[in-house]
There are 2 protein chains.
Amino acid sequence: MPKRVGLREVAELANVSLAAVSRAYTPGTSISEATRERVMQAARKLGYRPNLLARSLIKGKSGIIGVVMGNPRHPLFAVALEALSRRLSQAGKHILIFTAENPAHMADVHVEDLLQYRVDALLLMAANLSSKLAEHCREGGIPVILFNRLAQKVPGMVTVTGAGRDIGQKIATHLLQQGYRRLAYMDEPLSSRELESGFIGYATSKGLPPPERVLVHSQREGAVVAARTLLSQRRRPDAIFCVNDHMAMATIEVARDEFGLKIGRALGVVGFDDSEQASWPTWDLTTYSHPIDPMIERIIDLLLQDPKERHPSRIIVEGVLKCRGSTKRT
Amino acid sequence: MPKRVGLREVAELANVSLAAVSRAYTPGTSISEATRERVMQAARKLGYRPNLLARSLIKGKSGIIGVVMGNPRHPLFAVALEALSRRLSQAGKHILIFTAENPAHMADVHVEDLLQYRVDALLLMAANLSSKLAEHCREGGIPVILFNRLAQKVPGMVTVTGAGRDIGQKIATHLLQQGYRRLAYMDEPLSSRELESGFIGYATSKGLPPPERVLVHSQREGAVVAARTLLSQRRRPDAIFCVNDHMAMATIEVARDEFGLKIGRALGVVGFDDSEQASWPTWDLTTYSHPIDPMIERIIDLLLQDPKERHPSRIIVEGVLKCRGSTKRT
């Protein structure tokens with residue numbers, strides 16, 4: 001282990017002022033690249049490392065953003081995590097990960113941990129916030145930002161979400177325009193009521209029979225069973241909107257392989273998320289695409305903002321419906 | 001903001017000893033659930049929160065494990081991250097994420113950050129270690145663990161990987177047993193030479209012509225072009241081993257949709273990773289399945305181990321080849 005060296009030794013070796021050494025280690029301060037490199041070289045030679053943890057105690061800022069992930073396997077959040085981590089580290093901040101084992105019931109020990117690390121802000125991705133955690137954060141002055149594809153308004157908090165009701169309406173409109181008339185809706189638990197009411201509300205307002213709604217628990221097996229049930233009916237739906245692409249692909253498989261239906265012509269299928277495979281010829285799936293990049297940008301702005309400037313609000317970012325072969329009738 | 005309260009006030013209100021309060025906040029120490037709950041209740045009532053950052057300065061341990069992710073979008077690592085995060089938080093540790101923008105060239109600023117946070121250990125997932133970072137970590141006494149599906153031996157480091165050469169050989173053996181004779185190998189840059197030498201070595205040792213090898217840069221488009229090229233040849237391969245499932249699925253699409261080939265009978269396709277969709281009837285893909293759970297267990301053991309007990313070593317965990325319809329000739 002190298003012996004203890006301080007700022008002074010680094011400044012001497014680099015032949016710069018003490019202030020320059022300090023600036024070299026503070027992200028976002030003005031310093032020339034050449035000076036910064038000189039400081040870093042001297043620091044490396046001496047084995048000097050400023051202690052960010054000690055500094056965070058003095059400044060009251062840890063540079064750590066706590067991220068609670070409800071479902072780390074969700075493809076959307078893998079993409080979001082990558083973008084967040086890259087952008088935040090450019091700003092000298094880092095992500096400390098907390099997993100909500102059950103999005104509905106965050107273990108208290110995690111909450112305690114989170115506060116103990118003195119995170120500068122807390123970002124919830126696809127995780128519900130317990131009222132207890134919300135209260136703890138308010139007491140501790142830790143800003144909380146909620147990021148979800150879809151979410152209801154949460155009082156006293158900043159939320160960044162998609163436009164649930166509008167999206168539901170947009171999808172129903174597209175299906176009607178394509179000539180589908182007997183719509184069905186494959187939902188999952190904890191999904192947004194706004195999406196549902198937009199979709200079902202629009203269809204019924206246009207005089208269609210109320211879309212049948214099936215609730216599916218596990219992504220794959222549940223969707224397969226639900227698709228079989230829907231398609232076995234005497235008056236089966238001619239279009240199914242599934243609230244994620246995985247469920248939509250499972251529905252396509254069942255319709256094609258088990259019922260011999262031509263996707264698009266005999267059965268319209270719409271997904272949600274525009275996952276990587278949606279555009280592959282095998283699926284050619286019409287699906288709603290979330291504007292991940294602008295969402296992440298907004299979240300980063302919020303995370304880096306002065307907490308005093310941050311007010312409870314709901315930020316809605318609009319995406320697009322990618323219309324593909326799975327809803328083409330001809 | 002609540003006023004400053006200390007251990008003493010919590011101990012008084014909970015009517016327990018100071019040592020009991022300290023134990024209640026130290027993961028892994030012996031304390032009854034009832035006492036722990038009493039301490040937590042008193043702490044909540046008083047708004048007390050021990051400062052982990054301060055404690056980490058005293059103990060020299062931050063409770064933070066740095067994780068450098070080469071490719072956060074890789075499905076394998078989303079699964080691994082979830083398991084790691086859950087298990088580590090049970091042990092009172094947390095993951096601080098660092099992204100390697102380019103797995104081959106880790107930005108120096110990230111390295112500096114990482115050391116400044118005094119991470120207890122560093123886990124590299126699908127990321128290469130620059131010799132500079134390796135040196136910094138050695139100097140700082142920070143243990144480094146390398147986790148990859150496949151990797152060569154790295155001197156002076158603990159690695160947890162799959163058995164590259166054996167896997168390649170296992171896959172070639174399976175294809176030969178199924179009666180395939182003209183093998184091809186679709187590879188990606190930076191993948192393991194061991195896998196290749198196992199696959200190609202075994203095939204040639206059995207008197208087959210050396211498998212054609214194509215190198216593909218981008219997962220989807222590259223694989224589509226490569227599959228077209230391979231299948232357009234006069235003597236085209238009768239089996240293709242792709243080093244990830246995405247490439248294998250793209251190959252199946254091209255073979256089926258563009259060349260009208262019956263998968264399995266006319267063309268065998270093998271993937272790698274056993275991703276969620278591999279077992280779906282649409283793909284029915286033979287693929288190599290990594291033993292993620294035992295790998296994660298080994299990594300967690302290593303991360304929680306006393307650094308003095310940890311010696312450079314290579315831990316190889318064996319998976320299984322899932323034989324499905326894509327390599328069935330009949």
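**A colleague's note on salt bridges and burial**

1. Let's start with one residue: E196(A) counts as buried, because its relative accessibility is 15% (buried is under 20% relative accessible area, exposed over 50%, partly exposed in between, with a 1.4 Å probe and protein chains only). Please keep in mind that this is a predicted model, in which local features need pLDDT of at least 70 and side-chain atom pairs count only at pLDDT 80 or more, while totals for chains, interfaces and linings use all residues. Residues are numbered from 1 along each chain as its sequence is written, chains are lettered from A and ligands numbered from 1 in the order in which they are written, and side-chain values use heavy atoms, without hydrogens and water.

2. What is the partner of E196(A) in a salt bridge? R213(A) is, with the closest N and O atoms 3.2 Å apart (the term needs a side-chain nitrogen of Lys or Arg within 4 Å of a carboxyl oxygen of Asp or Glu). R213(A) sits in strand β7 (residues 212-215) and E196(A) in helix α9 (residues 193-205) of chain A, so this pair ties together parts 17 residues apart in sequence. Helices (H or I, at least four residues) and strands (E, at least two) are DSSP runs, numbered from the N terminus. R213(A) is partly exposed, its relative accessible area being 36%.

3. Over in chain B, R193(B) and D187(B) form a salt bridge, with 3.2 Å between the closest N and O atoms. D187(B) is buried, at 0% relative accessibility, while R193(B) is partly exposed, at 38%.

4. Back in chain A, have a look at D120(A) and K93(A), whose side chains meet in a salt bridge (3.1 Å, N to O). This pair links distant parts of the chain, 27 residues apart: D120(A) is in the loop between α6 (108-116) and β3 (121-125), and K93(A) in the loop between α5 (75-90) and β2 (94-99). Both D120(A) and K93(A) are buried. Over all chains, a search of the whole structure finds 24 salt bridges.

5. R265(A) is exposed, because its relative accessible area is 51%.

6. Finally, the overall picture of chain A: this chain has 12 helices and 12 strands, and 56% of its 330 residues are buried. Of its contacts (heavy atoms within 4.5 Å) with a separation of 6 or more, 70% are between residues 24 or more positions apart.
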